[in-house]
Amino acid sequence: MLAMLAFAAAAAHAGIPYDPPSTPIDNPVARVQLSAGKPGELTKPHVHLTNRVMIYFQAGTNTIRYPDGRSAPEHFRAGEVQWNNAMGTHTAEIAAAGPVDIVHVELKSPPVLAPKVNTAAPDPEHFKVELDNNQVRVLRLHLGKGEKTRSYEARLDRLLVPLTEARVKTVGADGVVKSTQLRPGELQWLAPGTQSDENAGDAPYEAILVEFKK
């Protein structure tokens, strides 16, 4: 059986722009929110009770302001991944050329999690480790036209966030081939398994994979 199993709610989302906001995934592992931050729009005061992985589709700056007057600008590039610790009451304001589509991955594992499952080493030719801590490992997958990964073992549940449009052929451990058409920002929830991926489209393919440790 192929490792790629689309989470039903995620598959229903048409990808970017993330407007209106939505929460296509909310399971025991993570809560995933999608939103489009509008430049100059100040959010209401709010808190984040959990650590989060943030994925930005456009470049800009998010300025966090706290009730005591402190401010912390967070700069990001298009396609960038950032780690955000839980934070107390604050407001946020985006400065950018236009709306910024954001994937907010709220982690439900405890911050002091001691993982019991080791992550497998990724194919270094096509995967780059963006961040790795006790709660998540985040990988960036890049495949040129016609390129494919070696067969690899994914030992954890994963969130796939395509950054580009692509047609991807996935081959499972049983040899079954699945062809999937992906659009930027269209989420997929992936189960553990062994597979290889091939870019069967006409342009380079790039995606972010968030692995949830346990």
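Predicted model: local features only at pLDDT ≥ 70, side-chain atom pairs only at ≥ 80, totals over all residues.
A nonpolar core is a set of buried Ala, Val, Leu, Ile, Met, Phe, Trp, Tyr and Cys residues joined through side-chain atoms within 4.5 Å. Good morning.

Let us turn to the cores. The largest nonpolar core has 23 residues. Within this core, the residues with the most contacts are Ile-55, Val-103, Val-105, Leu-159, Val-210 and Phe-212. Which elements give two or more residues to this core? They are strand 2, strand 4, strand 9, strand 11, strand 13 and strand 18. Strand 9 covers residues 100–107, strand 11 covers 136–143, and strand 13 covers 158–162. Apart from this core lies another one, of 13 residues, which includes Leu-139, Tyr-152, Leu-182 and Ala-207.

I would like to stay with Phe-212 for a moment. Leaving aside neighbours within four places in sequence, Phe-212 is in contact with a number of residues, among them Val-29, Ala-30, Val-105, Leu-107, Leu-159 and Trp-189. Phe-212 has a relative accessibility of 4%, and because the limit for a buried residue is 20%, Phe-212 counts as buried.

This brings us to the aromatic pairs. A pair of aromatic rings is described by the distance of the centres and the angle of the planes. How many aromatic pairs does the count come to? The count comes to four, and I shall present two of them.

One of them is formed by Tyr-18 and Phe-57. The ring centres are 5.9 Å apart, the planes stand at 85 degrees, and the pair is edge-to-face. Tyr-18 lies in the loop between helix 1 (8–11) and strand 1 (22–26), while Phe-57 lies in the loop between strand 4 (52–56) and strand 5 (60–65), so the pair ties together parts that are 39 residues apart in sequence. Are these two residues buried or exposed? Tyr-18 is buried, at 0% relative accessibility, and Phe-57 is buried as well, with a relative accessible area of 11%.

Another pair consists of Trp-189 and Phe-212. Why is this pair called stacked? The planes of the two rings are at 20 degrees, and planes under 30 degrees apart count as stacked, so the pair belongs in that class. The centres of these rings are 5.2 Å apart. Trp-189 belongs to strand 16 (residues 188–190) and Phe-212 to strand 18 (residues 205–212), so that the pair links distant parts of the chain, 23 residues apart. Trp-189, at 9% relative accessibility, counts as buried.

A ring may also have a charge over it, as at Tyr-66. The charged end of Arg-70 sits over the ring of Tyr-66, 4.3 Å from the ring centre.

I now move to the sheets. Strands of a sheet pair through backbone hydrogen bonds, either parallel or antiparallel. Strand 4 and strand 7 run antiparallel and are joined by four bridges. Arg-52, for instance, has Asn-84 of strand 7 as its bridge partner.

Another open sheet has four strands in the order 3-8-5-6, and here too the pairing is antiparallel. Its edges are strand 3 (46–48) and strand 6 (71–76), each with a single partner strand, so one side of each has no neighbour in the sheet. Neighbouring strands of this sheet are turned by 40 degrees against each other on average, direction ignored. Strand 5 pairs with strand 8 (residues 87–95) over five bridges, and Asn-62 has Ile-94 in strand 8 as its bridge partner.

Ile-94 leads us to Gly-37. Gly-37 is placed in strand 2 (residues 30–37) and touches Ile-94, Gly-98, Pro-99 and Val-100, not counting residues up to four places away in sequence. Gly-37 is buried, with a relative accessible area of 15%.

Finally, a word on the backbone. Most peptide bonds are trans. The bond from Ile-16 to Pro-17, however, is cis, with omega near 5 degrees. A cis peptide bond also joins Asp-19 and Pro-20, with omega about 10 degrees. Pro-17 lies in the loop between helix 1 and strand 1, and Pro-20 has its place in the loop between helix 1 and strand 1 as well. Thank you for your attention.

Definitions and conventions. Residues numbered from 1 in each chain as written. Heavy atoms only, no water. Buried < 20%, exposed > 50% of the residue type's maximum accessible area, 1.4 Å probe, protein only. Contact = heavy atoms within 4.5 Å. Phe/Tyr/Trp six-rings, centres within 6.5 Å; stacked < 30°, edge-to-face > 60°. Lys NZ or Arg CZ within 6 Å of the ring centre and 35° of its normal. Pairing = 2+ DSSP bridges. Axes fitted to C-alpha atoms, helices over the stretch in contact; angles between N-to-C directions.
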